[in-house]
Amino acid sequence: MKRIFVLGSVNTDMVVKVDRMPMTGESMKGYGFMTNQGGKGANQAVACKKLGGKEVFFLGAVGKDAFGEELLRSLNSFGVDTRAVRTVENAKSGVCMILLDQSCNDNVLVVDTGANERVNAEEVEAFLQRNGAEGDVFITQLEVNVDAVERGLKRAKELGMYTVLNPAPARKIGAELLAFTDLIVLNETETELIADVRCESKKDMEKVYAYFSALGVKEVIVTLGAKGCYHSDGEATHCPACKVKAVDSTSAGDTFIGALSMKKARGEAIKASLPFASACSAIAVSRAGASVSIPTEEEVLALKIQ
């Protein structure tokens, strides 16, 4: 099995449940407060490990504070290698405030990126150069500074690694990132912002693929929440979502990406791995929390979600 390298954010999530979203200026009683380790990058790294990845490395940054110490402890507890995590002096670790709306099983997030913006691009390149090899998998998102993302993708491609980009939070990106991307995984909002296509059918997916393939991307996945996802490597296909009772969708997308990346590290094709990834994501949304909601491979196989 190949190694997996995840460059991205790690945050302390602070979660409060509400019966509805508050209006501007309104004070509201919440309940069910909890904290857990989150951040898209860290969630994806944990998903890769819990779902069967053998060697998973997380590349990121924390502040020199109590939150940073706890974040590293949490990642290590899942078996994620944190040797490439930088502890930044005079910076706070990332924090994410999450409101869980119980009326519609949805959420809003506010993130203070903190030390995540201080990931050092040179250190990322050097770590990949020392430890990466052809056929390994490299995953990244947009919650750390873009220079580190671009240089990480470029170096990974130079080493012959399979590269995965999750362009979240949504922002306009161009060839400087996409030229080094094998697989891009994005949701409806991100697709509309970047490719200017509202993806609701296979014909729409053909337009999305045409846009990204022209910039060098090999495979494209558009996630549609409860409607499943579309995949294209030149031929658009739809994979339905597994039906479960949603509790917390915070880590659904990260679990999905982690599952696909783990399968790719095993040498399996992305398209063939979509049903497994969808099942993993379904289990995650049926539980509260971020990394703690991600299932193990054994749980997924035992439940046999269709």
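1. Phenylalanine 5 counts as buried because its relative accessibility is 0%, where buried means under 20% relative accessible area, exposed over 50% and partly exposed in between, with a 1.4 Å probe and protein chains only. The model is a predicted one, in which local features need pLDDT of at least 70 and side-chain atom pairs count only at pLDDT 80 or more, while totals for chains, interfaces and linings use all residues. Residues are numbered from 1 along each chain as its sequence is written, and side-chain values use heavy atoms, with hydrogens and water left out.

2. Rings of Phe, Tyr and Trp (its six-membered ring) pair if their centres lie within 6.5 Å, and planes under 30 degrees apart count as stacked, over 60 as edge-to-face and the rest as tilted. The count by this rule is four aromatic pairs. One of them, phenylalanine 5 with phenylalanine 57, is stacked, at 4.9 Å centre to centre and with 10 degrees between the planes. This pair links strand β1 (residues 4-7), which holds phenylalanine 5, to strand β4 (residues 56-63), which holds phenylalanine 57, 52 residues apart; strands are DSSP runs (E, at least two residues) and helices likewise (H or I, at least four), numbered from the N terminus. Phenylalanine 57 is buried, as is phenylalanine 5.

3. Phenylalanine 5 also pairs with phenylalanine 127, and because the centres are 6.3 Å apart and the planes at 70 degrees, this pair is edge-to-face. Phenylalanine 127 belongs to helix α3 (residues 121-131), 122 residues from phenylalanine 5, and is buried, with a relative accessible area of 6%. Phe5, Phe57 and Phe127 together make one aromatic cluster.
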